[in-house]
Amino acid sequence: MKSGENKKPGLNIDTSKIKGILINFVVSLVASGLSLLLIILIGYPYFKNLSHIKEDLRQKEQLKRVLNDKIVILNRLVDFKSVVDEDSNLVNQVLVNEAEVPRLLDEVNQIATNSGMDVTRLSYSYGGAETPDVSEGKQVSYSTVSIALGTDSSFEQLVVFMKAIENAARFASVPNFRYAATTTIEGESKLGGSFSIESPFLLVKSTAVTDEPVDLDISSQNFVDFINMIKGLKFYEFLNPNIEVVKTETPTEEVTTPQE
Amino acid sequence: MAGDINLIPQSEVVEQIKTKAVKTSTLVALIFLGVVVLICTYLFIVTGSIKKQISAADSAIASLRGRINELSLVEISARNLDKKYKVLNTLFAQRPKYSALLEELNIRKSKQITIDSLDLKIGSMNISGSAGNYIAIAGFVNNLLDKTFEGGNAKLKEVFTTVSLNSVSLEKSTNEVRFFIVVNYNDSLLKQ
């Protein structure tokens, strides 16, 4: 063996072959590198972001539609401001802002006496807050005034009274009542009735929320029917502000336990 | 039989294979690059277009918000009215019409029956009274449960669901039969 042909121990790489391969494949390597670079820098980030910006655009378009609809509704309300004011006034008389107990008691007294009943007892207390399931999961709490009414009447008068309560403009309901036949001092046969009457009141203080839609459509058939129904109710004037009443601390219990 | 004889030297065959491999890989790499460039351009253009649309929507939203803010008093008034309208709608829908129930009860009661007391709650009522005989009480109970009862309110034909006769006793002094019944009724039929 010649001394010039001595090979170094370890890995022996033929670099000239690698250089040859690299030179032969330089175009494909550069093209592949560029492709990879484009994918990393542009393709993947843009692709990943595309769904987000599409969703963003969808939400903004939806918000634009909501605001456009809202503008239309508000402009219509501005055009029919007098109607809206009149409707609000009507609705506020049916569901009053404050308890207005004397007015309510006077109304109940008027209804009872107009029905031919003799009012023997009239007292009131404040009921607890009620939270009805209004619609679309939105809940609105309101307070109630509870009235205990005692009467002497005939059965027909009692029915007339119930009808009048159901037809009274200020909303009132009779969750329970009872009557029993009694004989007056004069020997006259009467029905002694006890009614528990509840009337809600609600002070609404809304705020303007720009991005939330206004659902009210004063031209919708439901709303028109509702307002017409309210207009058909009987509105009572406040005749006797000094009506004698008794305030009780807790709602009067008028119901007897059923003996089933 | 004469077969094909490949006279190309082995080194030339290797060289041809090498050349073919280089050509193929270059072509594939260039096609791939072309596709990537096309896709990236498409994504770039689409994203740019969507961003422009978002920007336009933002401007429109800002303008609409400004106009809505100018009408905030009208909006508050509308919201107040809407809230009360919805509450009242629910209240009216949930209020049973007891006047109709009392009328129905009275129609189904024969003249031989006298109701001395009635205690009404949601879904049930306790009735005590008297009758000339046992048959009148049975007739009253049957009338209450009669789903084909004629003469009453057609909507309330099935309003009374069950009647429990809790007690019946003969009062000898007056020769009357006293009774106590519990009547369950379907209050949903009494609602608007």
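Modeller: The centres of domain 1 and domain 2 of chain A, taken over C-alpha atoms, are separated by 64 Å. The domain assignment, which is automatic or taken from a database, places domain 1 of chain A at 16–79 and domain 2 of chain A at 89–207 + 216–247. This is a predicted model, in which local features need pLDDT of at least 70 and side-chain atom pairs count only at pLDDT 80 or more, while totals for chains, interfaces and linings use all residues. Residues are numbered from 1 along each chain as its sequence is written, with chains lettered from A and ligands numbered from 1 in the order in which they are written.

I begin with the contact between the chains. Chain A puts 75 residues into the contact and chain B puts in 67, where contact means C-beta atoms, placed from the backbone, within 7 Å. On the side of chain B that touches chain A, at least two residues each come from α1 (10–70), α2 (72–94), α3, β1 (113–121), β2 (124–131) and β3 (160–171); helices (H or I, at least four residues) and strands (E, at least two) are DSSP runs, numbered from the N terminus. Of these elements, α1(B) gives the most to that side, with 28 residues. Sorted by class, the side of chain B that touches chain A holds 34 nonpolar, 17 polar and 16 charged residues; Ala, Val, Leu, Ile, Met, Phe, Trp, Tyr, Cys and Pro count as nonpolar, Asp, Glu, Lys and Arg as charged, and the others, Gly among them, as polar.

One helix pair spans the two chains. Helix α5 (residues 155–166) of chain A packs against helix α3 (residues 98–108) of chain B at an angle of about 155°, with the axes 8 Å apart; the axes are lines fitted to C-alpha atoms over the stretch in contact, and angles run from 0 to 180 degrees between N-to-C directions. The two helices α5(A) and α3(B) are therefore roughly antiparallel to each other (under 35 degrees is roughly parallel, over 145 roughly antiparallel, 65 to 115 roughly perpendicular, the rest oblique). Their crossing, α5(A) over α3(B), is left-handed, a word used if the near helix is turned anticlockwise from the far one by less than a right angle, with right-handed if clockwise. From α5(A) the contact draws on Phe155(A), Leu158(A), Val159(A), Met162(A), Lys163(A) and Glu166(A), and from α3(B) on Tyr98(B), Ser99(B), Leu102(B), Glu103(B) and Asn106(B). Those contact residues of α5(A) and α3(B) comprise six nonpolar, two polar and three charged.

Elsewhere in chain A, helix α3 (residues 81–94) and helix α6 (residues 221–231) have axes that come within 10 Å and cross at roughly 60°, which makes α3(A) oblique to α6(A). The crossing of α3(A) with α6(A) is left-handed, and its contact joins Asp87(A), Leu90(A), Val91(A) and Val94(A) of α3(A) to Ile227(A), Ile230(A) and Lys231(A) of α6(A); five of these residues are nonpolar, none polar and two charged.

Turning to the strands, a pairing also links the chains: strand β5 (residues 173–183) of chain A runs antiparallel to β1(B) and is joined to it by four bridges, where a pair needs at least two DSSP bridges. Within this pairing, Tyr179(A) has Leu118(B) as its bridge partner, and Phe177(A) has Leu120(B). On the chain B side, β1(B) pairs antiparallel with β2(B) over eight bridges, with Thr114(B) opposite Ser130(B), and the two strands β1(B) and β2(B) form a hairpin with two residues between them, where Gly123(B) in the turn has a positive phi of about 95°. On the chain A side, β5(A) is joined to β6(A) by nine antiparallel bridges, with Lys190(A) as the bridge partner of Thr182(A). This pair, β5(A) and β6(A), makes a hairpin with five residues between the strands, and Gly187(A) in its turn has a positive phi of about 85°. Finally, strand β6 (residues 189–201) of chain A pairs antiparallel with strand β4 (residues 142–153) of chain A over 11 bridges, and Ser143(A) stands opposite Phe201(A).

How values were computed: Contact = placed C-beta atoms within 7 Å.
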